[in-house]
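User: Please walk me through how to read a fold, from the whole chain down to single elements.

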Amino acid sequence: MIPNARLILGPPGCGKTTTLIRIVEEKLAEGVHPSRIGIVSFTTKAVREFLSRACAKFNLTPKDFPHCRTLHATGYHALGLQTTDVMGSADYRKVGDMLGLVMEGQERAYGEDGIAVPTVLGSGSKYLSLIMLSTYRQSSLEWEYNYAGNYNIHFSKLVQVKAQLQEYKSKYNKYDFADMIYRYVQISEPPYLDLLIVDEAQDLTPLQWRMVEKMAERATEVVIAGDDDQAIHRWAAADVGEFMRCASHVEVLSQSYRLPRAVWELARRISKRIPDRMEKEFLPRDEEGEVHRVWRLEQMPIQRGSWTIMARTNAFVDDFANVLRKHGFFYSRNGRWSIDQTSLEVMATWHDLIDGQALNIGRIKTFYENVPKMGKNPVVKRGATKLLDAADPEQGLTYEDLVARFGLLAPRDADPMDVARLSEYDKVYVRAIQRRGEDIYKEPRIKISTIHAMKGGEDDNVAVYTGSTKACVEGKHPEDEHRVFYVAVTRARNALFIIESDKKYRYYL
């Protein structure tokens with residue numbers, strides 16, 4: 001328990017972020033400088049949402065809130081790390097070679113701090129996962145090994161992998177993601193804060209709680225926010241028990257501004273299946289809303305409106321993606337459109353050029369960098385991109401200018417899809433989308449996602465597939481499955497569609 005903390009329980013759509021911003025507003029009104037306010041969270045999404053709303057409301061910039069970061073980014077900056085200090089794919093590959101294991105992966109950006117996080121695959125990935133979980137959970141390797149129950153890996157090898165990894169990191173002064181938290185707890189000096197806010201705290205691991213406790217020691221006031229019913233990251237070592245014990249003073253936000261009554265009632269029935277939860281009463285919106293049960297995607301009115309379709313695993317999401325593509329629906333998945341966005345940008349530029357518009361040099365350069373320069377039908381001459389360096393950056397360029405001076409070869413009647421080098425497969429798909437009257441240059445109104453990836457989001461119309469897996473249904477903690485589907489159904493603002501599964505392993509809603 002954190003002595004100076006109060007816990008705010010925020011059921012779905014009850015204005016948790018709005019409440020936290022109001023608390024910040026009160027502190028600013030008291031004369032507290034933004035640099036004396038800390039906001040940390042497990043997720044980048046939560047930090048970004050808070051920053052965007054707070055900066056807009058108070059006419060500030062993210063730089064005014066230097067302590068508004070994810071917990072990992074907080075550790076990264078406090079330790080004075082640079083991107084070269086973080087274990088990357090090449091580092092893991094070298095460690096794998098030393099051990100006779102495959103550790104292959106690629107980097108992905110984390111947040112806005114330039115931290116590259118490798119996704120490691122191969123025979124060594126399961127060993128790395130157990131080592132990371134042991135650090136986050138502050139448990140022994142033996143405990144993690146027995147808890148996982150995966151006897152396709154060997155405990156002696158697990159010990160060897162950990163020793164080799166530690167030796168490599170020590171020799172080259174490298175840090176992995178968990179080290180950013182672990183070393184912060186060991187050696188860092190937290191800032192003195194007038195207010196520390198910990199958001200989405202139900203998803204913190206024991207190690208992250210030790211970090212929060214250390215930060216709280218130098219904070220005058222601590223506000224912890226979250227919802228135990230939405231704790232869906234046990235697989236990543238999150239411990240909802242620590243969340244439930246973190247403060248003696250508890251406030252419940254009691255009015256949902258998202259859930260209509262029909263969705264709220266279904267959500268309540270699910271939450272009552274969760275044992276040992278924190279009891280909380282909250283009210284729905286006045287609207288009745290809709291809950292429907294269907295067997296196929298085609299039975300839903302997805303021809304109009306904004307939609308989010310969720311499933312338990314990426315394999316199920318793949319199935320929905322195939323169905324949507326087959327029927328000519330435009331969609332996005334984890335922010336990526338179902339048609340390559342660079343190709344769409346090329347097509348949009350081509351449309352504007354042949355319509356007679358004068359375009360800025362930056363847009364033209366992007367166009368030139370992404371069109372064919374060789375082969376049967378080149379769009380621009382080889383080396384034409386360099387010619388643009390001589391163009392006046394303040395002057396717009398037309399189709400005629402580009403043909404006359406900058407190596408544009410494609411005739412006016414060239415198909416935009418050919419200019420963008422779309423495959424025949426994609427061309428058929430684009431034409432099907434356009435026959436539906438959809439605008440391929442605007443954000444798709446249909447999103448598909450795993451339930452975990454959609455946490456924190458909402459939509460007018462939500463569809464939830466009940467299919468699951470043996471590991472999920474027959475796992476050691478059946479309450480986790482209740483929490484996952486509680487999160488799923490509570491994303492709906494108006495209509496909720498339950499897509500029933502006939503598979504052996506499914507969740508019964």
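This is a predicted model: local features need pLDDT of at least 70, side-chain atom pairs count only at pLDDT 80 or more; totals for chains, interfaces and linings use all residues.

User: What radius of gyration would a compact globule with 509 residues have, and what does the protein chain have?

Analyst: The radius is taken over C-alpha atoms, and the globule rule is 2.2 Å times the number of residues to the power 0.38. For 509 residues the rule gives a value near 23 Å; the protein chain has 26 Å, which agrees. Its C-alpha atoms fill a box of roughly 75 × 60 × 60 Å along the principal axes.

User: How much of the protein chain counts as buried?

Analyst: Buried means under 20% relative accessible area, with a 1.4 Å probe and protein chains only. By that cut-off, 53% of the 509 residues are buried.

User: In what order do the seven strands of the open sheet come?

Analyst: Strands (E, at least two residues) and helices (H or I, at least four) are DSSP runs, numbered from the N terminus. Two strands pair if DSSP finds at least two bridges between them. Here the order is E9-E15-E14-E10-E13-E11-E12, with mixed pairing. Strand E9 (290-294) and strand E12 (336-337) are at the edges, each with a single partner strand, so one side of each has no neighbour in the sheet. Strands E14 (residues 459-465) and E15 (residues 492-499) run parallel and are joined by six bridges; aspartate 459 stands opposite alanine 492 in E15.

User: Which strands does helix H21 touch?

Analyst: Contact means heavy atoms within 4.5 Å. Axes are lines fitted to C-alpha atoms, for helices over the stretch in contact, and angles run from 0 to 180 degrees between N-to-C directions. Helix H21 (residues 479-489) packs on the sheet, touching E10 (307-311), E14 and E15, and its direction makes about 150° with that of E14. Helix H11 (residues 261-271) lies across E9 and E15, at about 65° to E9.

User: Which residues of H18 are buried?

Analyst: An α-helix has 3.6 residues a turn, so residues three or four places apart point the same way. In H18, the buried residues are Lys427, Tyr429, Val430, Ala432 and Ile433. They pack against helix H12 (314-326) and helix H17 (416-419). After H18 comes glycine 437, whose phi is positive, near 80°.

Note on methods. Residues are numbered from 1 along each chain as its sequence is written. Side-chain values use heavy atoms; hydrogens and water are left out. Buried means under 20% relative accessible area, exposed over 50%, partly exposed in between (1.4 Å probe, protein chains only).
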